[in-house]
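I set out to record what I looked up about charged and nonpolar side chains. The entries are kept in the order in which I made them.

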Amino acid sequence: MERAQQGLLSGVDEGNHPPAKPGDGYFIELDGKREFAVIPIELYERLSVALEDADDAALFDSVRAADDGFRIPAAVAHALLDGEQPVKVWREQRGLTQDALAAKAGISKGYLCQIEMCKRVGALKTLRAIANALAISVPDLTTA
């Protein structure tokens with residue numbers, strides 16, 4: 001309130017009159033400009049809730065705009081958590097046979113079978129081809 005003591009804060013008695021009726025707010029001027037609004041606590045609380053709701057809506061909109069639409073189906077998540085081999089889990093989820101996935105990935109069925117049976121890990125180039133054929137990313141094919 002140092003500025004008020006210097007006479008720079010105009011208050012109720014300097015032109016900023018108290019509310020005409022209870023529940024109305026009023027302004028406090030500083031150097032002839034409105035600087036503060038005095039409002040009833042009920043209005044402040046309603047405005048606070050509305051602002052928080054607006055912030056939540058803006059956050060939701062930004063997350064939705066950044067959403068790539070990729071979801072891991074529950075059946076896949078459960079199978080992976082149970083320790084099943086990811087290539088096999090995703091292949092079955094996509095409804096592909098070993099022959100069909102091998103053809104889409106450009107590898108032999110035997111090589112795919114070895115990867116699914118954990119006999120071979122698969123080169124990064126191969127895992128990329130399988131991931132592309134399954135429309136997922138390479139990290140989705142690695143076990144935790």
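The entries below concern salt bridges, surface patches and one further lysine.

**Entry 1. Salt bridges.** I noted at the outset that this is a predicted model. I then asked how many salt bridges there are by the rule applied. The count comes to three.

**Entry 2. Arg91 and Glu116.** I looked up this pair and found a salt bridge whose closest N and O atoms are 2.5 Å apart. Arg91 belongs to helix α4 (residues 86–93) and Glu116 to helix α6, so the pair ties together parts that are 25 residues apart in sequence. Are these two residues buried or exposed? Both Arg91 and Glu116 are buried. For Glu116 I recorded a relative accessible area of 8%, which is under the 20% limit, and therefore the residue counts as buried. I also listed the contacts of Glu116: setting aside residues up to four places away in sequence, it touches Gln85, Val87, Lys88, Arg91 and Gln98. Its helix, α6, spans residues 109–116.

**Entry 3. Lys109 and Asp99.** Here the closest N and O atoms of the salt bridge are 3.8 Å apart. Lys109 is in helix α6 and Asp99 in helix α5, so this pair ties together parts that are 10 residues apart in sequence. I found Lys109 partly exposed, at 40% relative accessible area. Asp99 is also partly exposed, at 47%.

**Entry 4. Asp67 and Arg71.** This salt bridge has its closest N and O atoms 2.6 Å apart. Asp67 is partly exposed at 36% relative accessible area, whereas Arg71 is exposed at 52%.

**Entry 5. Surface patches.** I next asked which residues gather in a patch of negative charge on the surface. They are Glu52, Asp53, Asp55 and Asp56. I placed Asp56 in helix α2 (residues 41–66) and noted that it is partly exposed, with a relative accessible area of 45%. A nonpolar surface patch is formed by Ile39, Ile41, Tyr44 and Leu47, which together have about 370 Å² of accessible area. Tyr44 lies in helix α2 and is partly exposed, at 46% relative accessibility.

**Entry 6. Lys104.** Finally I examined Lys104, which is in helix α5 (residues 98–105). Its relative accessibility is 53%, so it counts as exposed. Apart from neighbours within four places in sequence, Lys104 is in contact with Leu96 and Ala133. I also noted that Lys104 and Asn132, 28 residues apart in sequence, are 8.7 Å apart in space, C-alpha to C-alpha.

Note on methods: Residues numbered from 1 in each chain as written. Predicted model: local features only at pLDDT ≥ 70, side-chain atom pairs only at ≥ 80, totals over all residues. Heavy atoms only, no water. Helix = DSSP H or I, 4+ residues; strand = E, 2+ residues; numbered from the N terminus. Buried < 20%, exposed > 50% of the residue type's maximum accessible area, 1.4 Å probe, protein only. Contact = heavy atoms within 4.5 Å. Patch = residues over 30% accessible without salt bridge, like charges linked within 9 Å, V, L, I, M, F, W, Y side chains within 5 Å. Areas by Shrake-Rupley, 256 points an atom, 1.4 Å probe, with all protein chains shown as cover. Salt bridge = Lys/Arg side-chain N within 4 Å of Asp/Glu carboxyl O. Lys, Arg positive; Asp, Glu negative; His and termini not counted. Charge placed at Lys NZ, Arg CZ, Asp CG, Glu CD.
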